[in-house]
Amino acid sequence: MLAAVNVDFGQRVRRGEVVAEIDKRELKLQLERVQAALAQALARIGLTPDEAGKIPKTTPAIRQAQAQLDNWRTKYESASRLIKTGDIPHDRFVEIEKGYNAAEAALDGALHELRVSLASIRSLGAEVQLARKKLGDATIRSPFDGAVTERLASPGEFLRQNTPIV
């Protein structure tokens, strides 16, 4: 919707002068929504919005999976020695081996989730830039020096994209 037309018939305008403004409320809300989604995606990997360009080497989920893997690795290595001497039953060794394999898979999953999150963050970053551009485009400026010879739209009017205003 056209919010304001700042020039009228016969008025001289200079290049870059604001001639009209589109209602920005919806565009601001769209920008806030995508900024919030970006902040949420960043928080999932332990970053703040100020750290959006940073690529973390680790995340809370990766650290937790790594700790579990380290714990299971220690159990597995100990069980590997004990199974050779017959000090633990084979069933217990298999159980520990399965736990170790599951911990490895959990770490791989956490690393995969980081890659997915980083791709999502890049996508959301592009959406933020697009929303900012649309918000900036809502201020219509004269592309050159000249004079208004015709006023083609009025405040309150709903406009399609590329509709002439003046």
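Analyst: Tyr76 is partly exposed in this predicted model. Its relative accessible area is 22%. Burial would need a value under 20%, so Tyr76 does not count as buried. Tyr100, at 13% relative accessibility, does count as buried.

These two tyrosines belong together. The structure holds two aromatic pairs. In the pair of Tyr76 and Tyr100, the ring centres are 5.0 Å apart. The ring planes are at 5 degrees. Planes under 30 degrees apart count as stacked, so this pair is stacked. Tyr76 lies in helix α2, residues 60-85. Tyr100 lies in helix α3. The pair therefore ties together parts that are 24 residues apart in sequence.

Ala103 is buried, with a relative accessible area of 6%. What does Ala103 touch, leaving out residues up to four places away in sequence? The answer is Ala65, Gln68, Leu69 and Trp72. Ala67 is 36 residues from Ala103 in sequence. In space, the two are 9.1 Å apart, C-alpha to C-alpha.

Helix α3 has another partner. Two packed helices are described by the angle between their axes and the distance between the axes. Helix α1 spans residues 25-44, and helix α3 spans residues 90-137. They pack at an angle of about 160 degrees. Their axes are 9 Å apart. Angles over 145 degrees count as roughly antiparallel, so α1 is roughly antiparallel to α3. The crossing of α1 past α3 is left-handed.

Which residues make this contact? From α1 come Leu27, Lys28, Leu31, Val34, Gln35, Ala37, Leu38, Ala41 and Leu42. From α3 come Ile121, Leu124, Gly125, Glu127, Val128, Ala131, Arg132, Lys134 and Leu135. Sorted by class, the contact has twelve nonpolar, two polar and four charged residues.

One last stop is Asn162. This residue lies in the segment after β5 (146-147). Most residues other than glycine have a negative phi. Phi of Asn162 is near 70 degrees, a positive value in a residue other than glycine. Is Asn162 buried or exposed? At 75% relative accessibility, Asn162 counts as exposed.

Key:
Residues are numbered from 1 along each chain as its sequence is written. This is a predicted model: local features need pLDDT of at least 70, side-chain atom pairs count only at pLDDT 80 or more; totals for chains, interfaces and linings use all residues. Side-chain values use heavy atoms; hydrogens and water are left out. Axes are lines fitted to C-alpha atoms, for helices over the stretch in contact, and angles run from 0 to 180 degrees between N-to-C directions. Helices (H or I, at least four residues) and strands (E, at least two) are DSSP runs, numbered from the N terminus. Angles under 35 degrees count as roughly parallel, over 145 as roughly antiparallel, 65 to 115 as roughly perpendicular and the rest as oblique. A crossing is left-handed if the near helix is turned anticlockwise from the far one by less than a right angle, and right-handed if clockwise. Contact means heavy atoms within 4.5 Å. Ala, Val, Leu, Ile, Met, Phe, Trp, Tyr, Cys and Pro count as nonpolar, Asp, Glu, Lys and Arg as charged, and the others, Gly among them, as polar. Buried means under 20% relative accessible area, exposed over 50%, partly exposed in between (1.4 Å probe, protein chains only). Rings of Phe, Tyr and Trp (its six-membered ring) pair if their centres lie within 6.5 Å; planes under 30 degrees apart count as stacked, over 60 as edge-to-face and the rest as tilted.
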